[in-house]
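Hi everyone, thanks for coming. Let me put today's structure on the screen, and then we can walk through it together.

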Amino acid sequence: MWRLIFFFLLSLVSMVGSAQQDTKQIDSLKALVDYQNPDTNSVLQLIKIERLYSRAFETDSLFKYAEEAIRFAERLDYSYGLARGYSDIAIMQWNMGELDSALKNCEFARNLFLSIDDSLRFTNQSFLYGMILSDYGRYDEALKNHLQCLRYFEKRNSPSAINVYNSIGYVQKNLGNTDLAIDAYQQSLKLAQKYEDKEQQANASSNLGDLYLELEKIDEAMTLFKRALKIDEELGLEWGVGFQLVNIGNAYALKEEYATALEYQLRGLEIRRKIGQKVHLGTNLMVVGNAYRKWGKPAQSLPYLIEAKEILEEINSLDFLKSVMYYLGCSYADLGRFEEAYQASERSRIIDDSLYYKEKTQIAEELNAQYESEKKANEIKLLTTKNQLKETALQNAAFQRYGLVLGLILLSVIGLIVWRSQQKKLQSQQLLAQKNEALKASEFKQSLTELELKALRAQMNPHFIFNCMNSINRLILAGENEKAARNLTKFSRLIRMILEFSERKTISLREELDMLETYIQLESQRYKGKISYDIKLADNVDAEEVEVPSMVLQPFIENAIWHGLMHKDSGDGMLRIFLEERGDLLHCTIEDNGVGREKALALKDKSAVSHKSMAIKLTRERLKLLNSSGLQKLIQIVDLKDAAQKAIGTRVELSIPL
């Protein structure tokens with residue numbers, strides 16, 4: 001991802017030439033600026049100057065000339081120049097890790113480009129906006145933004161789609177969608193080869209290699225990194241060479257070849273010190289320090305980790321600072337400096353919690369803003385209705401006066417009495433109907449809320465939670481700390497999702513499936529990998545757009561594992577989940593190749609069965625309340641048997657109203 005940031009920054013600046021040529025060009029451009037009576041041309045010359053400074057990463061000069069261009073553009077009411085100035089400042093702030101300021105200035109520039117109908121620069125700015133959101137960890141918003149940009153570029157056959165695919169790959173990776181991330185990176189590489197763009201080929205290869213490295217496909221990752229390194233060396237891209245050296249070092253570190261890893265990482269560190277970009281320098285120092293720690297040299301790791309901590313604190317890069325503090329705690333512990341180890345580890349935990357609560361606070365603020373907006377809209381609608389009623393009343397009064405003038409006083413009075421009587425009767429009927437509807441809606445909402453609370457309380461079997469904790473404890477006692485850490489991370493992620501989803505009436509299908517995958521993986525780990533699973537979506541299902549009741553599928557998945565698959569003697573347990581839209585229903589098929597319901601009943605543990613039957617019963621009631629027509633059978637359970645009528649599993653057919 002950091003290679004993509006560098007490439008995007010340089011592609012927007014798009015300047016060429018040596019440092020000496022840049023200096024001559026800057027001097028000639030300064031001569032074209034009229035400081036006494038600035039015009040739009042002076043603004044454009046200042047923008048060219050600050051972009052040349054950005055090429056050399058001379059941030060002080062860049063900000064000086066960008067702010068001067070903005071000042072002149074404001075005086076001239078020159079929206080295009082104003083947008084360009086704020087855009088360049090946002091890019092450099094983003095590259096420096098100043099995300100709050102970068103997001104604010106990027107949004108301002110984007111709105112200006114939109115106001116002058118510059119669709120290309122608006123889309124480029126939107127792409128930058130999405131990348132900043134991604135750095136915040138707001139991946140769902142970033143993905144939505146990137147897909148809009150991708151449609152724009154693909155419609156115009158623009159090579160800019162290469163960058164967008166790369167960023168989509170990064171977002172999908174962080175959302176846990178590994179296959180989608182690989183597909184996006186491969187699309188980026190394919191387009192780069194189509195347009196014969198060597199630099200972008202290196203970019204896509206590097207990002208795909210990062211993903212393979214996380215999947216522990218070290219040899220495939222190493223091949224991609226070395227391919228990217230060769231391209232960067234041929235093109236003379238020093239910053240690109242630095243990235244690949246660090247990546248190759250990381251690959252050797254995973255192979256536990258720490259001497260070779262440090263050789264590459266220290267070469268990369270030398271280049272990054274020369275370039276001077278703090279966020280990349282900080283992360284490079286972190287990986288060098290961690291490599292020394294894993295090599296069993298904690299004393300040598302400390303200077304690098306401490307320097308990384310100081311840099312990341314300065315730019316407030318909390319994600320990386322959290323990791324640095326964790327590594328520092330490990331190094332201090334290895335050296336027997338336990339008080340310092342505790343302080344570093346505690347700070348890592350505090351940062352992690354602050355990032356989580358910051359995300360929750362931001363969601364709450366967005367919901368509150370949405371509520372206030374809807375409240376104001378309703379107030380305006382009510383005021384409009386009142387004005388219309390007043391206007392109608394005035395018209396009726398005028399009609400009565402005309403009746404008096406024509407001498408039809410008696411007829412008018414009778415007509416008025418009849419009209420008022422009918423109006424009161426109609427109003428009474430309408431008021432009664434509204435009260436009945438409100439009462440029905442209130443009763444429905446109350447029933448649904450009570451069922452949702454009961455269902456969510458019944459969802460997760462407490463035995464599963466205790467078993468997971470015992471499994472993690474066994475791994476720790478066996479010295480398998482990395483496996484324990486991975487399982488603990490998955491378990492805490494699952495618990496967080498359960499707590500978060502319990503506060504919401506509906507969630508996206510993607511969130512529901514992410515939660516299910518994490519749950520199934522933990523169950524599979526407990527049963528030593530004897531459970532496999534396959535989740536498929538029909539082409540007509542958009543997992544990001546479809547909304548389902550929270551945790552509606554989990555009881556059936558747990559039932560299949562606990563009462564079907566766990567009793568299999570062989571280790572080939574398989575759980576298949578398929579979802580498709582049928583009219584206004586989301587149809588879900590959950591099929592296992594377990595021992596079947598008859599044998600499960602013979603082997604059942606009464607407390608566990610009682611718990612799960614209650615959860616499924618509550619889920620059925622939730623779906624019935626959501627189904628306005630009430631005609632469909634929402635849950636069907638089918639016993640699967642072979643030709644000899646021997647049980648070979650169970651299938652659950654579930655219909656969820658959309």
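Let's begin at Tyr292, which is buried because its relative accessible area is 10%, and buried means under 20% relative accessible area, with exposed being over 50% and partly exposed in between, using a 1.4 Å probe and protein chains only. A word on where this comes from: it is a predicted model, in which local features need pLDDT of at least 70 and side-chain atom pairs count only at pLDDT 80 or more, while totals for chains, interfaces and linings use all residues. Residues are numbered from 1 along each chain as its sequence is written, and side-chain values use heavy atoms, leaving out hydrogens and water.

How many aromatic pairs does a search of the whole structure find? The search finds seven. Here, rings of Phe, Tyr and Trp (its six-membered ring) pair if their centres lie within 6.5 Å; planes under 30 degrees apart count as stacked, over 60 as edge-to-face and the rest as tilted. The rings of Tyr78 and Tyr80 have centres 6.1 Å apart and planes at 55°, so this pair is tilted. Tyr78 counts as buried, with a relative accessibility of 18%. Our friend Tyr292 forms a stacked pair with Tyr304, at 5.7 Å centre to centre and 20° between the planes. That pair links distant parts of the chain, 12 residues apart: Tyr292 sits in helix H15 (residues 278-294) and Tyr304 in helix H16 (residues 298-315).

Now for the wider view. The protein has 25 helices and seven strands; these are DSSP runs numbered from the N terminus, with helices being H or I of at least four residues and strands E of at least two. Of its 658 residues, 46% count as buried.

Next, the sheet. Five strands make an open sheet in the order S2-S4-S5-S7-S6, and the pairing is mixed; two strands pair if DSSP finds at least two bridges between them. At the edges are strand S2 (531-537) and strand S6 (635-641), each pairing on one side only. On average, neighbouring strands here are turned by 15° against each other, direction ignored. Such angles run from 0 to 180 degrees between N-to-C directions, with axes as lines fitted to C-alpha atoms, for helices over the stretch in contact.

S2 pairs with strand S4 (residues 573-582) in the parallel sense, over seven bridges. Tyr533 has Leu575 in S4 as its bridge partner, and Ile535 has Ile577 in S4. S4 and S5, by contrast, run antiparallel and are joined by eight bridges. On that side, Leu575 stands opposite Asp592 in S5. The hairpin of S4 and S5 has two residues between the strands, and Gly583 there takes a positive phi near 65°.

H23 is mostly covered, with 11 of its 12 residues buried, among them Phe556, Trp562 and Leu565.
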